[in-house]
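Reader: I would like to learn how to read a disulfide and a sheet. Please take me through them in turn.

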Amino acid sequence: MQKGGEEERKRKRKNATVTKFIAWKQTRYERVLYLDADVTVLKHLDELFLLPPSAQVAMMRAHWRLPEKRTLASNLILLQPSEEEYKRLMTASRVEDSREAGDTDVTILNRFYGDSAMVLPHQSYGLLTREFRSQDHTQYLGTPLQPWNPEQVFQQASLVHFLDEPFPKPWVMWPHALYGEMHPRCRGEDCRDKDIWVGLYDDFRKRRKTICALLSAPAPEWPPRNQTGPVTAT
């Protein structure tokens with residue numbers, strides 16, 4: 001990667017980190033629920049605000065890293081705003097930016113709350129779109145013995161996180177070649193995974209157009225021109 005590209009990537013990562021930490025600065029509220037921009041809400045989340053006030057921070061485990069790593073995921077955070085905590089987080093961000101330049105918000109949040117955060121159930125709040133493309137659902141279901149039922153999983157979820165790298169985010173159109181590589185495959189005549197997956201992206205685009213009066217960004221070139229090795233979808 002060229003130096004300019006690396007610096008731009010670091011700048012965007014730092015901006016995203018700072019933006020997330022600003023949630024702690026909203027002290028006019030007793031509690032704040034932070035959601036990443038690439039999350040779509042399927043049901044109301046009122047029940048989260050009824051959690052015990054002793055839970056200063058509530059997050060999910062990054063289930064896709066289990067059992068090797070028991071880290072927290074930062075796409076949803078229920079928090080109690082605090083000016084002091086905001087300053088601590090921002091200080092940590094500046095220190096890491098100058099020393100290591102590699103720590104993201106996830107690393108800092110795990111350092112601060114990895115041992116104290118209330119852990120939320122990922123099957124309600126941590127469904128990833130790529131789960132419908134996966135052939136192994138053990139990490140999500142927690143056991144290899146439970147059969148995969150995409151409709152039941154979708155009905156249980158209160159939100160979905162769009163994560164299908166290298167597939168673009170839902171506000172960007174699909175490169176046709178990449179779609180052909182990455183869309184979920186039917187299992188015989190069972191196309192429920194594909195139908196749910198495509199439906200999530202279509203619904204996001206329709207709501208973006210209807211509510212926000214915004215069209216999707218043009219599809220990126222695929223494969224990228226600067227790609228030096230073979231391109232494979234994961």
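Author: A disulfide is a covalent bond between the sulfur atoms of two cysteines. Here a pair of cysteine sulfur atoms within 2.5 Å is taken as a disulfide. Keep in mind that this model is predicted.

Reader: How many disulfides does the structure hold?

Author: The structure holds one. The disulfide joins Cys186 to Cys191, with an S to S distance of 2.0 Å.

Reader: What is the handedness of the link between Cys186 and Cys191?

Author: The link is right-handed, with 110° about the S-S bond.

Reader: How exposed is Cys186?

Author: The cut-offs are these: buried means under 20% relative accessible area, exposed means over 50%, and partly exposed lies in between. Cys186 has a relative accessible area of 33%, so Cys186 is partly exposed. Its partner Cys191, at 25%, also counts as partly exposed. Another cysteine, Cys212, is partly exposed because its relative accessibility is 47%.

Reader: How many bridges join S2 to strand S7?

Author: Three bridges join S2 to S7, which covers residues 159-161, and these two strands run antiparallel.

Reader: Which residue in S7 does Val39 stand opposite?

Author: Val39 stands opposite His161 in S7.

Terms used. Residues numbered from 1 in each chain as written. Predicted model: local features only at pLDDT ≥ 70, side-chain atom pairs only at ≥ 80, totals over all residues. Heavy atoms only, no water. Buried < 20%, exposed > 50% of the residue type's maximum accessible area, 1.4 Å probe, protein only. Pairing = 2+ DSSP bridges. Helix = DSSP H or I, 4+ residues; strand = E, 2+ residues; numbered from the N terminus.
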